[in-house]
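Subject: Structure handover

Hello,

Here is the structure we spoke about, with my notes below it. Please read the notes with the coordinates open.

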Amino acid sequence: MGSINFPAEEERVLQHWDDIDAFHRQLEISKDNPPYVFYDGPPFATGTPHYGHLLASTIKDIIPRYWSMRGRYVERRFGWDTHGVPIEQIIDKQLQEELGVRGKAAVDKIGIKEYNRRCREVVLTYANEWRKVIGRVGRWIDFDRDYKTMDPSFMESCWWVFAQLYRKGLVYHGARVLPYSTALNTPLSKSEAQEEYREVQDPAVTVHFPLLSVDEQPEPVRQAVQKALDAAQEKNVSFVAWTTTPWTLPSNVALCAHPDYEYLLVHDVESDNVYIMLEAGLKVLYKDPKKAKDKFKTLPLKIKGSDLAGIRYKPLFTYFYPQFKDIGFKVLLDTYVKQDEGVGIVHQSPAFGEDDYQIAWREGIINADRQPPNPLNAGGEYTSEVPDFEGQHVKAADKNIIKHLEGLGRLVRRAQITHRYPFCPRSKTPLIQRAVPSWFIKVEQAVPDLLENLEKTHWVPSMVKTGRFQNWLAAARDWNVSRNRYWGTPLPLWVSEDMQEVVCISSVAELKKLSGFEGEITDLHRDSVDHITIPSQQGKGTLKRVEEVFDCWFESGSMPYASSHYPFDYPGFDASDPDSGLSRTEGPGKALFSKYPGDFIAEGLDQTRGWFYTLSVLGTHLFNTFPYNNCVVNGIVLAEDGKKMSKSLKNFPDPMLVLDRYGADALRLYLIDSPVVRAEPLRFSELGVKQIVSGVLLPLWNSYNFFSQQAALLKKNTGSEFVFDPDKQKTNENVMDRWILASTQSLLEYVNAEMEAYRLYTVVPRLLKMVDDTTNWYIRFNRNRLKGQASTGPAKATANSTQTNGDAGSAAADDEQTDTLHALNTLYEVLYTLVRALAPFIPFLSDNIFQRLAEHLPENMRKDQDVRSVHFLPFPTVRQELFDPVVERRVARMQKVIELGRLARDRRTISLKTPLKELVVLHQDQEFLDDVQTLERYVTEELNVRDLVLSTEESKYGVEYSVQADVKNLGMKFKKDAAKIKTALPKLSKEEIHSFLSTGAMTVEGHQLSAEDLRVQRGLKQSKDTANLEVAVDGEIMALLDAFAYPELAQEGLAREVLNRIQRLRKRAGLVPTDDVRLSYSVLPPAIAANGADGQGEKDAVAEVSRLDGERLVEQMFEQQAGTFTKAASRGVVKATGAVGEEQEVVAEEETDVKDIRLLLRLLKV
């Protein structure tokens, strides 16, 4: 099989997996192994999977596959997040179109039962699409045994979790100012509110609050007020306040000043009013105060903020005056007031600002009996408490409120401000801050435990743990766990009318017992349990369930327990014991803690404030541990333009189209071999996926394909099938074989260490390097050996591990067939190891190649092993006996030299086909040069150079050193002395530069410089002698390539290649050095006609021209290089003219290609 269609082959492999039920077969094989626990965070099924999901799915597939191959039992169940706003939004849109109403009004109209029925109906709209896409990307996970957060068993476990927290005193009811979505009629958690900010324009208004007369002021402040009035010379004196939320002004009950700031009295010429404000606030009223001296005047009196406390003012509106006239409408003090924002006095509307609420509560303006003004309905529209704006949405009312204030003469300035403002991530509408009665889980008191438990976990990348997540936990606030919604898990709280008696239910059985309800409870949604009541135990009548449902993050955070119906379905559960399930060593906990905490979780960076957080909080509250040991965090996949992927913008290719074009393996590798697995953003590029195909998958396939062809050739030549023999490596002395096998062991050791540390971003590049080493180094350098056309002898390893070049005709050279078998055996072992190591990453191509390799496995390796899939096999183990660090070091150094030689050729645009005379390698480490010397033949053959010179003598070749400054670094560190240092650098001696290279430090002009300050460059002194030398440098290695094309070299190279073929023929014929033969040769037409020739006649003509050119070159070579062949063809070289004469016996013959010339060579016994 030559060419390959990767997507089509993947479909074939998928079908094979289905036919053998591969996933469940793999689970069956490993069922008795120690468990490895993976928790899958549940997505919504209200949309199709995007690249973020495919990235997460790839990570969640790779790691379980790896640990499964490492001998663990890895159960993988898919989960669905089925509650919450995304589902309700779909229904609200339906109802808006059908009935013209949404939200609460729609529920009131159709009933909660019908509303929830509709929600249930659409929850899994795209479940089949998910199953198709996730399966197509190669992820093995159980969809048939999935869990759903709407399952009664899942919901009951959520009740149990919450009840344990309630019993521990960690749940309370209170009001708190929270981010609130008026579109969704519900508060949001603070983490949700921080997901989406937008640049918006809002009104920014300054209004004034006239001081009441001295007689209306409290006694302690009358003197201060009088001073202000005197300084104003009986003009009206007002406080001024600035706000970007005019809609909060009808609810104003106080002002707030900073106790330590100094406030001015400013006379505004236009209005003739005197305003109390900060000097920094003048720019708000007058833009550029320096240019507006004629518009205002600063009065001599200055008042410290602390002296303003308690001064009363005239309210803007009178809506709430009766309730707060005796306690509010005065100046309060707090240090949260900023100098650089507004005018230094902040208006207080406690229901719509977190700081406002806390200050007003502290000062006694609001309390449990006197709630803050909150004149909005659930949709953010004014109620009848504010008759002037009743029915208007707060954001729409801004302009009407401003107009109203202008009419009252209370508006000082109006402007527009552009700022970042939080939006609801679900409805895409602006959020407001609003005091909402809610149920909270205490988190703040658990912060020390959370931080301690965090230290026990392993995160990749670690910076997320020590930075973002640690900071989030350190600043954690109590968790508002209730939502005023309909489709969700109901809070299991039954309360009396006065909220003084509260019963928290932990199970269906407990609800039935306490309520006396005798019917079946098969569902726990609101329409199924809201009507059930519990008789009061305190004489308070009937307890009813509160209306709220859980924040859906509570459900996903309960997943480690709820997905398996803990503790109810666990052995040892005792429904009569309220503590059943809390012990780690007895009852249900004994079974749970055999696989808890889980080994591994993975999600995107945004989940540090979502799933990671709620998992951690609930685990700490329940068992004082995080429910996971290892956490892998990925970044966000963006569109190629750097923007968020958007269907409306059409700025990204459809994932299924990409899978159809390039296959899942290519997409998986592209995503995993990118910054996104280091929690950095990735700009998705379809070209990048395409390059994975050409740069990784195709070379890997071609490596197998090449092996397959040579195995077939072996069978053709010998009649024997190739069978892998792992013990054959014991007698293998070929240096390249030993190198690639040693590299494979190093790879396995590295992969295991890094996978155990969950660092995918280090593993994948190393795996890809191994693919490159196999295809572009091992096969390239051993192609002839693998074809059964071994050269004069393989490079061998002697007893003392020194590699030597084989000698033509040497008795020590391996038999050609044995050498071919060694090479094939080596390539097979590398491919067999690679496909198993790559199986978790590219499951399709790995299995595809493995299924073809499996036929070459010996019977003892197939016995007791299901070889129908690579995924049934264990991960390859390290073969210690194949380690050879010396060989690895030597080949790595050889590779460096060859790469520098190629670079030098590329710079001079000289093809590798052009023979060159000499490559000089300079290095100060003699061991480095000795290592390269042992592999000299590979260097000269690959670079097509005649001579390789290895030396430490740089002066002999005119090497010069120059030192250049890192101008930016020097400037920052040494300021004005930087120029002096830079001027001194050209005067440095060679010895000083060498010392700097070895120590990384030197003193110049009295300043200590380090490696980051200077860059040392090496080059050649320009002269006639060096004009033909091309320089390439890599660290301590310097390569000098003589780039002049000497005409005689091409002929010498051709002669060496032909001699090589003659010696191989002699060896095959069993000749010894003393056997005399004559060489007969003829040049044949090329096997493939020239491209572009249409008719057969034209093809033949082109082939004949090519043959004649080759014949001329070969004739000249044999004539001018005759001395090269005197031993190998001691009876001379003749051009074949026809049939072989009777006096000549053909000993051996071969058709071969030498430097694009096709030759027929015959050895004749004369």
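Before the sheet, a definition: two strands pair if DSSP finds at least two bridges between them. The strands themselves are DSSP runs of E, at least two residues in length, numbered from the N terminus. Please also keep in mind that this is a predicted model.

**Sheet**

On that basis, there is an open sheet of 4 strands, in the order β4-β3-β14-β16, with antiparallel pairing. Its edge strands, each pairing on one side only, are β4 (186-187) and β16 (479-480). The contact between β14 (residues 431-441) and β16 consists of 2 bridges and is antiparallel. In β16, Trp479 is the residue that stands opposite Ile441. In general, strands of a sheet pair through backbone hydrogen bonds, parallel or antiparallel.

**Aromatic pairs**

How many aromatic pairs does the structure hold? The count is 61. One of them joins Trp472 and Tyr613: the geometry is edge-to-face, with 6.1 Å centre to centre and 75° between the planes. Trp472 belongs to helix α16 (residues 462-474) and Tyr613 to helix α22 (residues 611-623), so this pair ties together parts that are 141 residues apart in sequence. Buried means under 20% relative accessible area. Trp472 has 17% and is therefore buried; Tyr613, with 8%, is buried as well.

Another edge-to-face pair is formed by Tyr596 and Phe623, at 5.7 Å centre to centre and with 70° between the planes. Phe623 is in helix α22, while Tyr596 is in the loop between α21 (588-592) and β23 (598-604), so the parts tied together here are 27 residues apart in sequence.

**Charges over rings**

- Arg65 has its charged end over the ring of Trp140, 4.2 Å from the ring's centre.
- Arg836 lies over the face of Tyr832, and the distance to the ring centre is 3.8 Å.

Regards

Methods
Residues numbered from 1 in each chain as written. Predicted model: local features only at pLDDT ≥ 70, side-chain atom pairs only at ≥ 80, totals over all residues. Heavy atoms only, no water. Phe/Tyr/Trp six-rings, centres within 6.5 Å; stacked < 30°, edge-to-face > 60°. Buried < 20%, exposed > 50% of the residue type's maximum accessible area, 1.4 Å probe, protein only. Lys NZ or Arg CZ within 6 Å of the ring centre and 35° of its normal.
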